[in-house]
Amino acid sequence: MKRRLTAGLLAGALLWALPAAAQNTGGVFGPTVNDGHRSAQYRAAYDFDTHAFAQRAHYQQAINGDLMWRVLVQARKTADSNVDADFIQGELFWQLSNPSRNWQHALRLDVRYRTEGRPGVIGLHWTNQFDLGEDWIARFVLLTATELGNGASGDLVMQTRAMIAYSINPTLSAGVEMFNTYGPIDDFPTLQAQDHQIGPVIAANLNSQWRLLAGVLFGMSKEASDAQGRVWMTHRF
């Protein structure tokens with residue numbers, strides 16, 4: 001499919017409403033599901049302020065041309081260990097009928113189990129991709145999530161994500177991503193107490209199976225981290 005490099009590499013998983021010091025391993029994921037698709041991915045994120053570090057591994061596989069499942073595990077650096085289990089997550093993508101020729105959209109359901117006795121999380125998200133011309137695409141994602149189990153807050157938390165990307169050539173693309181965590185929808189904190197990040201990203205096809213993405217996110221609010229580096233490596237089977 002056209003712009004598969006950008007669509008695949010800028011796809012990702014949910015970053016929940018975590019403290020500002022948390023590492024952002026999420027992505028502005030797209031709506032496209034390709035029948036027969038199978039891939040694995042490694043992600044790492046490093047916070048330049050706190051020196052916090054997180055890494056995660058994905059496996060995803062299409063069920064058909066409309067549905068795809070994904071499972072992922074994440075570990076993080078803590079006071080006890082450099083690699084401490086953080087969470088396990090299952091996801092189900094459902095690509096919906098295109099509203100128009102230049103607009104694709106999909107839903108994604110997430111269920112997350114977190115370690116250390118923390119509540120689980122369930123989320124439902126709506127992602128949109130727009131064809132802006134021969135070499136440009138844009139995405140907008142609306143995310144909602146709530147906690148489950150003992151200690152759950154009961155809040156419904158909202159996020160948005162957005163990106164615009166340009167295909168430089170068939171193997172290289174570049175863009176800008178934005179992540180916005182607003183907080184509970186019934187009691188949004190002030191703008192500076194919310195978490196807002198923006199930054200450049202570049203993706204490259206290394207060969208027919210391997211792809212690399214790298215980027216930096218900069219904080220736009222007081223609560224957000226000043227700078228975080230991110231690297232993804234994807235392998236298609």
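The questions and answers below treat the strands, the charged pairs and the rings in turn.

Author: This is a predicted model, in which local features need pLDDT of at least 70 and side-chain atom pairs count only at pLDDT 80 or more, while totals for chains, interfaces and linings use all residues. Residues are numbered from 1 along each chain as its sequence is written, and side-chain values use heavy atoms, with hydrogens and water left out.

Reader: How many strands make up the closed barrel?

Author: Strands are DSSP runs of E with at least two residues, numbered from the N terminus, and two strands pair if DSSP finds at least two bridges between them. The barrel runs from β1 through to β12 with antiparallel pairing, and the number of its strands is twelve.

Reader: By what angle are neighbouring strands of this sheet turned against each other on average?

Author: Axes are lines fitted to C-alpha atoms, and angles run from 0 to 180 degrees between N-to-C directions. For this average, direction is ignored, and the angle is 20°.

Reader: How many bridges join β5 to β6?

Author: Strand β5 (residues 103-114) also pairs with β4 (residues 84-95), in the antiparallel sense over nine bridges. With β6 (residues 120-131), β5 forms a hairpin that has five residues between the strands. Histidine 105 has asparagine 128 in β6 as its bridge partner. The two strands run antiparallel, and the bridges that join them number ten.

Reader: Which residue in the loop between β5 and β6 is linked with arginine 76?

Author: Arginine 76 belongs to strand β3 (residues 67-76), and its partner is 40 residues apart from it. The two side chains meet in a salt bridge at 3.2 Å, N to O, a term for a side-chain nitrogen of Lys or Arg within 4 Å of a carboxyl oxygen of Asp or Glu.

Reader: Is arginine 108 buried or exposed?

Author: Buried means under 20% relative accessible area, exposed over 50%, and partly exposed in between, with a 1.4 Å probe and protein chains only. The relative accessibility of arginine 108 is 0%, so this residue counts as buried.

Reader: Over the ring of which residue does the charged end of arginine 112 sit?

Author: A charge sits over a ring if NZ of Lys or CZ of Arg is within 6 Å of the ring centre and within 35 degrees of the ring normal. The charged end of arginine 112 is 3.5 Å from the centre of the ring, which belongs to phenylalanine 87.

Reader: How many aromatic pairs does a search of the whole structure find?

Author: Rings of Phe, Tyr and Trp (its six-membered ring) pair if their centres lie within 6.5 Å; planes under 30 degrees apart count as stacked, over 60 as edge-to-face and the rest as tilted. Ring pairs link Tyr59, Trp69 and Phe237 into a cluster. Over the whole structure, the number of aromatic pairs is seven.

Technical notes
Helix = DSSP H or I, 4+ residues; strand = E, 2+ residues; numbered from the N terminus.
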